[in-house]
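The sequence and the model are shown first, and selected local features follow.

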Amino acid sequence: MKIRHHLSDPLLMAYSSGDLPEAFNLVIAAHVSLCDECRARLEAFEALGGAVIEEQFEEMSAGSLEACLAKIDDLPMVDTQVARTAEGILPAPLVDYVGGGLDKVKWRSVGMGVKQAILNTSEDGASVRLLAIPGGATLPNHGHNGLEMTLVLQGAFSDASDRFGPGDLEIADDTMQHTPVAETGAVCICLTATQGKLRFNALLPRMVQSIFRI
Ligand code: ZN
Ligand code: ZN
């Protein structure tokens, strides 16, 4: 897998410090499990975090060190397990999330041959879903009211910014407006996390938006 579009340093740092909503954590964990480059950078950030903790140890008395170590044992660990491909195209963190492979995904049609499966919507307004877009199909032109992160699992899509193939991650924010088009051939399957509602320009997508919670 030749991955060309990666995570930014600020996103990797926010992920390793646990500052992101679960929807984005899932997309990042999925990309990291497929991408040696981002996994190495994440491990570097985690080592940095560890070095900071070690420095603080040196300033502590022996007794409080023990108490501190016990506390650290309770901290949740970032999952950096390597990719597992036994379940087909779904990366390991996603297999854990949906409880199996693609056959476990509950797809719903959203029109024009496009299907989606909402995996999680949290109270902070961030949501994560799988999208299946037939080859050659175009998604409605839209803007964003927050961060949008899209990981390609199968097939490819393009927009004005570039082409995104398997393993590639597109990061869009509120300054970006785009019209993703799936490449002809295989169905394009993506994992997409969004924060805030998308801003559609045409009337019809605006109407279906409330129905499908996009
Ligand atoms: Zn990467
Ligand atoms: Zn978008």
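What is the geometry of the site of the zinc ion (ligand 1), given the angles among its four donor atoms?

## The zinc ion (ligand 1)

The model described here is predicted. The site of the zinc ion (ligand 1) is tetrahedral, with angles of 94 to 124 degrees among its four donor atoms. For comparison, the ideal angle for four tetrahedral donors is 109.5 degrees. The protein donors are His6 through ND1, His31 through NE2, and Cys35 and Cys38 through SG, at 2.1 to 2.3 Å from the zinc ion.

Along the sequence, these donor residues follow the spacing H-x24-H-x3-C-x2-C. His6 belongs to the segment before α1 (9-16) and His31 to helix α2 (residues 22-34), so the two tie together parts 25 residues apart in sequence. His6 is partly exposed, at 21% relative accessibility, whereas His31 is buried, with a relative accessible area of 0%.

## The zinc ion (ligand 2)

The zinc ion (ligand 2) is coordinated at 2.0 to 2.6 Å by NE2 of His142, His144 and His178 and by two OE entries of Glu148. The spacing of its donors along the chain is H-x1-H-x3-E-x29-H. Within this set, His142 in strand β4 (residues 142-144) and His178 in strand β9 (residues 177-178) link distant parts of the chain, 36 residues apart. Both His142 and His178 are buried.

## A loop residue with positive phi

Met112 is not a glycine, yet it has a positive phi of about 55 degrees. This residue is found in the loop between β1 (108-109) and β2 (115-121). Met112 is exposed, with a relative accessible area of 62%.

How values were computed:
Residues numbered from 1 in each chain as written. Chains lettered and ligands numbered in written order. Predicted model: local features only at pLDDT ≥ 70, side-chain atom pairs only at ≥ 80, totals over all residues. Heavy atoms only, no water. Helix = DSSP H or I, 4+ residues; strand = E, 2+ residues; numbered from the N terminus. Buried < 20%, exposed > 50% of the residue type's maximum accessible area, 1.4 Å probe, protein only. Donors = N, O, S within 2.8 Å, 3.2 Å for Na, K, Ca; no water. Tetrahedral: all angles 85-135°; square planar, octahedral: opposite > 155°, others 65-115°.
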